[in-house]
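I opened the model to check its backbone geometry and its charged side-chain pairs. My notes follow the order in which I looked.

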Amino acid sequence: MCSSDLEFEWVDIGKVPDYWQAIRSVLQGDVRQVQVPGIEVKPGIFTGLNVAANWDKINVSGPIYVGGMTKIEDGATIIGPAMIGPSCHICEGATIDNSIIFDYSRIGPGVNLVEKLVYGRYCVDRNGDHFDLQEAALDWLITDVRRQDKISPSPQQKALAELLGTNFALKAS
């Protein structure tokens, strides 16, 4: 029998909790020979190219990674470990706390995401439990930035969102 010491670390990401932990581990520097991509714009804050953000007007604590071409409005909060994919839009008053946001996601004003994965029309918690934002009629709060039809919430949708902790005192976009 022969063995060899390999210079990499195997990280299994077969299930949502595994993927979640892998992203956290990379962001926290716990995976050998894997660096957080991008440039470090502030301690623990890494970005891809052409990120539109005024870091002095965003509440942020790392480690976080923000993909290229993402826009983060003043007054947003991002608490790491967190990863925001490329071409996203994080609106004023939105909170991304220990969450993973996939490409082309728009997180509306006042939305509070804690320990969530957002991809497409789905929102998933760290255990893999999920719901379809479109079926839940919440796709006006969290949606695809490329979506052409801008949906205005009904009074019932606003009431439901407020029960979920969304703050609508902020401007709508």
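**Ground rules.** I worked on a predicted model, in which local features need pLDDT of at least 70, side-chain atom pairs count only at pLDDT 80 or more, and totals for chains, interfaces and linings use all residues. I numbered residues from 1 along each chain as its sequence is written, and side-chain values use heavy atoms, with hydrogens and water left out.

**Entry: peptide bonds.** Most peptide bonds are trans, and most residues other than glycine have a negative phi. I looked for exceptions. The bond joining G62 and P63 is cis, with omega about 5°. I placed P63 in the loop between β3 (59–61) and β4 (64–66). My strands are DSSP runs of E, at least two residues long, numbered from the N terminus. G80 to P81 is also a cis peptide bond, and its omega is near 0°. P81 sits in the loop between β6 (77–79) and β7 (82–84).

**Entry: phi.** S87 is not a glycine, yet its phi is positive, about 60°. I found S87 in the loop between β7 and β8 (89–90). Y104, not a glycine either, has a positive phi of about 60°. Its loop runs between β10 (100–101) and β11 (105–107). My cut-offs are under 20% relative accessible area for buried, over 50% for exposed, and in between for partly exposed (1.4 Å probe, protein chains only).

**Entry: salt bridges.** How many salt bridges does a search of the whole structure find? I got four. The criterion is a side-chain nitrogen of Lys or Arg within 4 Å of a carboxyl oxygen of Asp or Glu.

E115 is partly exposed at 31%. R126 is partly exposed too, at 26%.

D132 meets R121 in another salt bridge, 2.5 Å from N to O. Here too distant parts of the chain are linked, with D132 in strand β15 and R121 in the loop between β13 and β14, eleven residues apart. I noted D132 as buried at 9%, while R121 is partly exposed at 35%.

R147 pairs with D139, the closest N and O atoms being 2.9 Å apart. D139 has 12% relative accessibility, so I logged D139 as buried.

Terms used. Helix = DSSP H or I, 4+ residues; strand = E, 2+ residues; numbered from the N terminus.
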